[in-house]
Amino acid sequence: MDGLKFFFTRYDRDCDGYLSLSELRDFLDDNLFECQIGSEHAERIMTENDVDLDRKLDFDDFSFLLYAEKKTINLFYDCDENHDGFVDLEELKTGFQKLGEDYEDDIIEEIIYESDRDGDGKLNYPEFRSMLNSI
Ligand SMILES: [Ca+2]
Ligand SMILES: [Ca+2]
Ligand SMILES: [Ca+2]
């Protein structure tokens, strides 16, 4: 499983392998990519990407939609070792080590603190994304 698949599975609540309009709305409401596309655009996004007109998005459609985010999503997924949807201190430390950067705990704490907007001590996807943009 890769990062995109992970996100897709999280929003495919009834596990039928498709995002329905309401599942797509939830996805847009979470605004993971801070792209300013709110759920009011769900209909349009569905129409633009729903090639076979069954009013559902399959994984290929979803991958196409998120093509530009793919790298960041996979990096997040690699760091989030226990796949709970958050990157915590240990996971971020290991993530940096994989990239050849060995930081002390207090540096990692600092990095998390800078980007941890909801103050829960770990990074969700939007926080992780802004962290990458800031280093
Ligand atoms: Ca579904
Ligand atoms: Ca985690
Ligand atoms: Ca957080």
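Arg55 sits in the loop between α3 and α4 (59–65). Helices here are DSSP runs of H or I with at least four residues, strands are E runs of at least two, and both are numbered from the N terminus. This is a predicted model, in which local features need pLDDT of at least 70, side-chain atom pairs count only at pLDDT 80 or more, and totals for chains, interfaces and linings use all residues. Residues are numbered from 1 along each chain as its sequence is written, while chains are lettered from A and ligands numbered from 1 in the order in which they are written.

**Overall build**

The protein chain has eight helices and zero strands. Along the sequence the pattern reads α-α-α-α-α-α-α-α. The C-alpha trace spans about 50 × 25 × 25 Å along its principal axes. An automatic or database domain assignment sets the domain bounds. Domain 1 covers 3–70 and domain 2 covers 80–134. Their C-alpha centres lie 26 Å apart.

Of the 135 residues in the protein chain, 21% are buried. Buried means that 20 or more other C-beta atoms lie within 10 Å of the residue's own; exposed means 12 or fewer, and partly exposed is in between, with C-beta atoms placed from the backbone. Two residues are in contact if their C-beta atoms, placed from the backbone, lie within 7 Å. Among contacts with a separation of 6 or more, 40% join residues 24 or more positions apart.

**Helix α2 and its neighbours**

Helix α2 runs over residues 21–30, and its buried residues are Glu23, Leu24, Arg25 and Phe27. These buried residues pack against α1 (3–11) and α3 (42–49). Just after α2, Asn31 takes a positive phi of about 45 degrees.

**Two further positive phi values**

Most residues other than glycine have a negative phi. His83 lies in the loop between α5 (70–79) and α6 (89–98).

| Residue | Phi | Other C-beta atoms within 10 Å |
|---|---|---|
| Arg55 | near 60 degrees | 12 atoms, exposed |
| His83 | near 55 degrees | 10 atoms, exposed |

**Where α1 meets α5**

α1 and α5 pack at an angle of about 85 degrees, with their axes 7 Å apart. Axes are lines fitted to C-alpha atoms, for helices over the stretch in contact, and angles run from 0 to 180 degrees between N-to-C directions. The two helices, α1 and α5, are therefore roughly perpendicular. That term covers 65 to 115 degrees. On the α1 side the contact uses Gly3, Leu4, Phe6 and Phe7; on the α5 side it uses Lys70, Ile73, Asn74, Phe76 and Tyr77. By class, this contact has six nonpolar, two polar and one charged residues. Ala, Val, Leu, Ile, Met, Phe, Trp, Tyr, Cys and Pro count as nonpolar, Asp, Glu, Lys and Arg as charged, and the others, Gly among them, as polar.

Lys71 is also in helix α5. Lys71 counts as exposed because it has 11 C-beta neighbours inside 10 Å. Lys71 and Leu4 are 67 residues apart in sequence, yet 9.5 Å apart in space, C-alpha to C-alpha.

**Record annotation**

UniProt, in an unreviewed entry, places the feature "domain: EF-hand" at residues 1–34, 67–102 and 103–135. Its positions are given in the numbering used here, feature names are shortened, and annotations may be inferred rather than shown by experiment. Residues 67–102 are 56% helix and 0% strand, with end C-alpha atoms 30 Å apart. Residues 103–135 are 64% helix and 0% strand, with end C-alpha atoms 13 Å apart.

Terms used:
Angles under 35 degrees count as roughly parallel, over 145 as roughly antiparallel, 65 to 115 as roughly perpendicular and the rest as oblique.
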